[in-house]
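Good morning, colleagues. Please bring up the sequence and the structure, and I shall take you through selected parts of them.

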Amino acid sequence: MFPMIVKHCFLPNFSKMKKTIPLFFLSVFYLNFSAQDIQHDSLKHSNIQEVIVIGTKDISQKQSKPLSSIDEYLEQSANINMLKRGAYAWEPILNNMPTERTLVTIDGMRIFGACTDKMDPVTSYVEVSNLSRAEISSGQSGSSHGSTIGGSIDLVREKSTFGDEKFRFGLNSGFESVNLQKIFGSSVSYRNTKFYTDLNFMNRDAENYKAGNGEEIRFSQYRKFNISGISGVKIGKNKLLEASVIYDKANDVGYPALPMDVSLAEALITSLKFQYLPKNKFISDWETKIYFNTITHRMDDTKRPSVPIHMDMPGWSKTAGYFSKLQTTLNQHHFNLNLSGFYNQSVAEMTMYPTNPTENLMFMYTWPDVRTFNQGIFLEDHFQLDDFSEFRFSASLSYHSNKVQSDFGLNSLQIFYPEMMAQNNRILKSLSANYSRNQFGFEYGIGVGYGDRAPSVSEGYGFYLFNSAENYDYIGNPNLKNESSLEANAYLSLKKTNFFGKISSSYFHISNYIVGKVNPNFAPMTIGAKGVKLYSALDYATIFNISLDAEIKVLPELKWTSQVVYSRGKDFENVNLPFISPISYLSKILFEKNKFNAEFSVNGNLKNSSYASVYGEKPVSDYVLLNASLGYKFDFGHSKIFTKLGVENLLDRNYTTYADWNRIPRPGRNFFVNINYNF
Amino acid sequence: MKFSLKIFIAFFAMTLFLTSCRTSDDPVTPTVNELDGLNKITEVSNDTHVIELYSASGTTKMGYNNLKIRIKNKSTNQYEKSATISWMPVMHMTSMSHSCPKSSVKKISTDGTLYEGYIVFQMADNASEYWDLKIDYQINGASYTATTGISVPLESKKTVTSFLGSDNSRYIVAYIEPRTPKVSVNDWVVGVWKMEDMMNFPVADGLTVKLDPRMPGMGNHSSPNNLDAKQVQAGGFYFGKLSLTMTGYWKLNLQLTKADGTVLKGEPVTEANPASSLYHEIEF
């Protein structure tokens, strides 16, 4: 929807940028996201509901821990929760929907994790140093890069822009006490009027973390290394060619909540972009990108002390794709056209090593070399009705096909589905309409939408995927229908000089809601599992979210923000859905004066009473955490040093939440220090 | 704009090129060699003929063996096309001799030279006990015979069982198909024979072979959608479905039952009883 609140947004930075960017390039991006400055002229702001500023190049003083992981940045959003299987690679849950129902892209590029157990969401293959911000769209507002139910998160790359010649160098370093995490990074950027390039590097090395009361959580260590480069060249009047590479490698990643760890998670993400920003009014921006990314994920249990049987579960995912986006303006109408397509290959295997070494290895495809092809078109019209109100309409249509390429894999699945064909084609649709009105600081908006999605590779073609929280083996179902969602959303906000308040809510009615259903006829494969669940569809399920945000400027230097979020998810028989957040709250006081800033926050969840026992959930008690941080900026003229000192979970509470896989406790008291040097 | 067009044209051209490459497979010329896929096990001569014995592997083994025979006339060097063959495998034990289940020997095709049948060796040979195969045949009213020793080494995997059923008859159950198991639903074929006396083992009719495949190496898990084996016609083999969800070592736990449900041999697999006393083993 429209401008909404741009929380966590580092506005001073943007306005500063605006000044330094030559006019021709001051196109869509930077205008778009300085929405707070703009009142009703927020048209180009399009569908993004929330922007979280990330990045290490310009460290936000508002961010209490600038060198936190992307996961921690995203977790600040009222719409996002993080499902944790350990200290690393959390799974973003948007509007209480997991990654199958949402769309996570990097600069619009489709990427698919290579792990059958969702241990490598897309967000785990990038670093804060790669990104400038995350744009969060709820529901069908997020369908411009592909089909979604819950919404989208687009991770936008950090990069320079053309301008006066400038060379920048930065160093980032951090330490966290709870897991002895050592963070080190550096960045170099150069630009002139015809060329820019940014290189950066980030390394994290963490030991096991300690939960509250000093309990060590074994197998929660990780090492991660990320290097990225992006380079743009002006190849003519208003024309830009840009190449981007991200290489990310994590080793020795423990997943304390799971029976297996990851010895390697490696991604190479590349893209080439051509952008044309004509001066004529009709077409304002035409961006075309081709991309390729490849992911290798090796899951194994070699380091676990006692396993009933040793196994390796590597997975690979390769995606090639393109998109071409066109923005045009016609009178009061702002059109957005996006033509996009991708081709993905997902393969995962399981090899088990029998105790008797003379026996043959036990091998199966857990993802049977599934090829997904998608070609879609998206159209949006965003128009100004009068000075105060605007309307947005979007529609998309895509052709989606899955094909099981491996005969071995197809034969395996035909054990369960003898009639199954190798290929399955679908048409996916999305429609949404929003209206908003903004006058005298009082703003409201309503929207409706309809969209559907194809089942994920696991849901359609997974073969004996063990779910350790439910203790069931999951089998995919190639006969699943599209899951479709009918949604409604509304918000109301009031903005005065020293006060901002907003209430927003969304409601999803999801038909053919895909879940696992126990099939008592089948016996599990995994040792100790209770049974087999086949992916199947509930008639429908509903998810309702409502959040309340308030920001009061108590003093010019003192800001108090609060947030309460309530969610409810149930199926057509009133059975609770899994991983729905209980009531959560956050309240923080931010003091900022000159070069000094301080923050104190309280956050917590109420007791999770609407837990989903059908899906193996157990009640989780409430918790409350206290956090504090202090920041100071040393200014030596040309170079600057930001320092942040802080403590999380000040009272060292031993706690777990509804979103902790197998209820492993979260980190206890954590002291951190972040230092950023910029030259 | 120019740039992106070029890229797309290049991609398109590449696609065309790749697609056109695929169609250049040479057509396979059909050959009619009777011995395709067969290997010679042994040959034995008498005064008039050389008798050649073939199987897919070129060996004989414990359990079910599909065997092919052809007879070469020593004087004409031609293969005989109109022989009537019968055979008798015999195990010479230290204290006694016995035979095993076997089929009759039939010509495969009228124009061909190969004759075919099966023999189920229910035990292996050893230093003092051995198998031989006596082949009797008539050509144009004249009778001939030849006998060859047959090597039946001990197999590490059990694919044939000989046992005393609950009805006090001796039975032999042998695994026949799949020869090369796959991670799939396999067509599963077993044979069941009854021992009438030491030399006669006719097919046992009207029974059921119940199947419960398990992986003892991995928590003894089973597999879904198996089908117990039944005969399609009297005198024939038993056909069922065997689902194998992964490669490795599988134990096929069996129960042999009569039409009324009486169990002749074997027990259901339970927590307390990890395996049936009647089973076959496969590994792939």
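I begin with A:Ile377, which is found in strand β17 of chain A, residues 362-384. Helices (H or I, at least four residues) and strands (E, at least two) are DSSP runs, numbered from the N terminus. This is a predicted model, in which local features need pLDDT of at least 70 and side-chain atom pairs count only at pLDDT 80 or more, while totals for chains, interfaces and linings use all residues. Residues are numbered from 1 along each chain as its sequence is written, and chains are lettered from A and ligands numbered from 1 in the order in which they are written.

Setting aside neighbours within four places in sequence, A:Ile377 is in contact with A:Leu339, A:Ser396 and A:Leu397; contact requires that the C-beta atoms, placed from the backbone, lie within 7 Å. Between the C-alpha atoms of A:Ile377 and A:Tyr399, 22 residues apart along the chain, the separation is 9.2 Å.

I turn now to strand pairing in chain A. Two strands pair if DSSP finds at least two bridges between them. An open sheet of 5 strands has the order β1-β6-β7-β4-β5 in chain A, with mixed pairing. At its edges stand β1 (50-53) and β5 (109-110) of chain A; each has a single partner strand, so one side of each is left without a neighbour in the sheet. Within chain A, strand β4 (residues 102-106) pairs with strand β7 (residues 151-157) in the parallel sense, over 5 bridges. There, A:Ile106 has A:Leu155 of β7(A) as its bridge partner.

Elsewhere in chain A, strand β20 (residues 442-453) and strand β23 (residues 483-496) run antiparallel and are joined by 12 bridges. Opposite A:Arg453 stands A:Glu483 in β23(A). β23(A) also pairs in the antiparallel sense with strand β24 (residues 499-518) of chain A, over 13 bridges, and a hairpin of 2 residues joins β23(A) to β24(A). In β24(A), A:Tyr507 is the bridge partner of A:Ala488.

Next, chain B. Chain B is divided into domain 1 (39-150) and domain 2 (160-283), with bounds that come from an automatic or database domain assignment. Taken over C-alpha atoms, the centres of these two domains of chain B are 28 Å apart. In chain B, 9 residues of domain 1 are in contact with 11 residues of domain 2.

What is the largest nonpolar core, and which residues have the most contacts inside it? The largest nonpolar core has 167 residues, and B:Val173, B:Val190 and B:Val192 have the most contacts inside it. Such a core is a set of buried Ala, Val, Leu, Ile, Met, Phe, Trp, Tyr and Cys residues joined through C-beta atoms within 7 Å. At least three residues of this core come from each of domain 1 and domain 2 of chain B. Leaving aside neighbours within four places in sequence, B:Val190 has contacts including B:Val173, B:Ile176 and B:Phe237.

Finally, the contact between the chains takes 24 residues from chain B and 31 residues from chain A. On the side of chain B that touches chain A, α1 (2-22) and β12 (184-195) of chain B each supply at least two residues, and α1(B) gives the most, with 3 residues.

Methods
Two residues are in contact if their C-beta atoms, placed from the backbone, lie within 7 Å. A residue is buried if 20 or more other C-beta atoms lie within 10 Å of its own, exposed if 12 or fewer, and partly exposed in between; C-beta atoms are placed from the backbone.
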